Amino acid sequence: MAVVLDLLKNDPRPAVPVRLRHPEKAHRPDQPVQAKKPDWIRVKAPGSPAYAETRAIVREHGLVTVCEEAGCPNIGECWEKRHATFMIMGDTCTRACAFCNVRTGLPGALDADEPEKIADSVAKLGLHHVVITSVDRDDLADGGAEHFARTIAAIRRRSPATTVEILTPDFLRKDGALEVVVAAKPDVFNHNLETVPGNYLTVRPGARYFHSVRLLQRVKELDPTIFTKSGIMVGLGEERNAVVQLMDDLRSADVDFLTIGQYLQPTKKHHEVVRFIPPDEFKAFETTAYAKGFLLVSATPLTRSSHHAGEDFARLKAARLARLAPEHA
């Protein structure tokens, strides 16, 4: 069984006024909750000394991680290995996606010192590869693009050998924002489609599917050396043929890396799990995706965007070199 932990329940950080985590969902009817998860969804509960040390460093700098905010089931494994995905620009998102457990509402002002705090934590943890993500900041003129760029630059200064992967929002209606982020030269640019286009109105209503595909395509046009990556969840009622079409859309945008994982419902106010996808179907997705030309595919029930990101980056580089080798033979 998957172990679902309320990582914010006994949070040692200073108390803040009580507010609803998802005010926009408060009046939604309860969705069916799958009480029993299948045997193939298993995670290790966190609690090792290395996990505690990683958590202490995060707390020391007052940082936010998507590992905690989104209730990732892999937090025990990742933090034990000193892997953490830092979430910049606060813990409050301006959007209200039906699948997401990140707090929603009106965010506060940006912390001008955050890039340096992130860089300091990366250095203390000795990370070889770091993932930086963020909430959606539709309230900012550039969607937070400059803050992303400053964070990448700060990490480069403190830890020049560390490779940087970013998982960005879509910068919808933020002209010039993408160019600012790409100019900072992250090693991997990830933007998740999350689900098939037919689900967008109910699952990801604030986003636009083809805008997200075009965003990833534009990254390659601006800098072909940057690896691009995208991910989706399955179990939200999508049909297989829609997933296959999504693969084609991503390959038309020259995306290198695809992740596919099982959707897990955070609360009864979130979108229901329509179906738990068995491992053999994930394997079939992986086979199909490789046949379509992706350099790397991760498709398992517990796959998440940043899970094994460092190891995957090494595999990405090797796959690119292997594909280029015949051209230079």
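Guide: Let us take the salt bridge that Lys292 forms with Asp248, in which the closest N and O atoms are 2.8 Å apart. The two partners belong to distant parts of the chain, 44 residues apart: Asp248 sits in helix α9 (residues 240-252), while Lys292 is found in the loop between α10 (279-291) and β9 (296-299). Please bear in mind that this is a predicted model, with an average pLDDT of 85 for the protein chain and 78% of the residues at 70 or above.

In general, side chains of opposite charge can pair when their charged atoms come close.

Arg157 pairs with Glu116, with 2.6 Å between the closest N and O atoms. Arg157 belongs to helix α5 (residues 145-158) and Glu116 to helix α4 (residues 114-125), so this pair ties together parts that are 41 residues apart in sequence. Here Arg157 is exposed, with a relative accessible area of 57%, whereas Glu116 is partly exposed at 37%.

Arg137 forms a salt bridge with Asp139, the closest N and O atoms lying 2.8 Å apart. Arg137 is buried, with a relative accessible area of 3%, while Asp139 is partly exposed at 37%. Finally, a network of salt bridges links Arg95, Asp136, Asp138 and Asp170.

Methods. Residues numbered from 1 in each chain as written. Predicted model: local features only at pLDDT ≥ 70, side-chain atom pairs only at ≥ 80, totals over all residues. Heavy atoms only, no water. pLDDT = per-residue confidence, 0-100. Salt bridge = Lys/Arg side-chain N within 4 Å of Asp/Glu carboxyl O. Helix = DSSP H or I, 4+ residues; strand = E, 2+ residues; numbered from the N terminus. Buried < 20%, exposed > 50% of the residue type's maximum accessible area, 1.4 Å probe, protein only.
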